[in-house]
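Dear colleague,

Please find below the structure that I am handing over to you, followed by an account of what was found in it. I would be grateful if you could read the two side by side.

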Amino acid sequence: MTSPVPAAAKRIVVLISGSGSNLQAIIDAVNAGRINGKIEMVISNKDDAYGLERARQADIPGCVIRHTDYSDRDSFDQALIAEIDSHSPDLVILAGFMRIFTPEFVNRYSDRMLNIHPSLLPKYKGLNTHQRAIEDGEARHGCTVHFVTEELDGGPLAVQAAVDILPDDTADSLQQRVHTQEHKIYPLAVEWFCNDRLQLVSGQVQLDGSSLDSQGYQFTE
Ligand code: GRF
């Protein structure tokens, strides 16, 4: 009897702009052997992104492609594409990358690019999600991992985690609890993608071959 050949580790490129705490959660899951993948490159559009230091400490190559060095969005995206494609990635991970892409960029990676957004999408696309949820008197808030499409924060939802909004919550306290959930569901979604369990098929998110409903997989502890 022959044992099954293990699937090849997926090649991953991560894009960041800031602290990189989600990057760290994914690095930790790779190092723990949970994610069948290798982060080939971390790309930042900002020189001072702390995520670059996290990559360096984990012996992962990092580079900076400054959007300010390019005259328009298209030429910046072309530079990003050249760097990303040089690593032949199976998966492109947006982990707090604060730029809006051209349609060409998004379509190039359409079934293999994930983002995490700090809200229960489709609610609260865009910025200041925690404050907006509190001001609206919402009972719950949370975070979502989704595939990326041309619509900002609008792609098909893969995994969601909710937290209760407490009576004395501020945007900061709520953000901290949501961040804790982000660090759970992003590695989980990447783990599933790298095991070919999570896929985008004809615009539908599938887990283990079955379509998820439009809110994605609801993560609970
Ligand atoms: C997270 O809140 C994520 O939801 C949003 O950007 C933030 C990135 O945080 N897309 P970090 O850099 O991973 O700490």
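**The ligand and its surroundings**

The residues around the ligand are Ser19, Gly20, Ser21, Asn22, Gly96, Ile116, His117, Pro118, His179 and Glu182. Please bear in mind throughout that this is a predicted model. Sorted by class, this shell comprises seven polar residues, two nonpolar residues and one charged residue. Three elements, namely α1 (21-31), β5 (113-117) and α6 (171-194), each contribute at least two residues to the shell.

The side chain of Ser21 has an N or O atom at 2.5 Å from an oxygen atom of the ligand. At Asn22, a backbone N or O atom is found 2.9 Å from an oxygen atom of the ligand.

**A three-stranded sheet**

Elsewhere in the model there is an open sheet of three strands, in the order β8-β9-β10, with antiparallel pairing. Its edge strands, β8 (198-201) and β10 (210-211), each pair on one side only. Between β9 (residues 204-207) and β10, the antiparallel pairing extends over two bridges. Within this part of the sheet, Gln206 is positioned opposite Ser211 of β10.

Two loops deserve a separate remark. In the loop between β5 and α5 (129-135) one finds Pro122. The peptide bond that joins Leu121 to Pro122 is cis, with omega at about 10 degrees. Strand β5, at one end of this loop, is also one of the elements that supply residues to the shell around the ligand.

The other loop runs between α3 (73-85) and β4 (91-94) and contains Ser88. The phi angle of Ser88 is near 40 degrees, which is a positive value in a residue other than glycine.

With kind regards

Methods
Residues numbered from 1 in each chain as written. Predicted model: local features only at pLDDT ≥ 70, side-chain atom pairs only at ≥ 80, totals over all residues. Heavy atoms only, no water. Pairing = 2+ DSSP bridges. Helix = DSSP H or I, 4+ residues; strand = E, 2+ residues; numbered from the N terminus. Near = heavy atom within 4 Å. Polar contact = N/O pair within 3.5 Å; in protein donor to acceptor, adjacent residues only side chain to side chain. Nonpolar A, V, L, I, M, F, W, Y, C, P; charged D, E, K, R; others polar.
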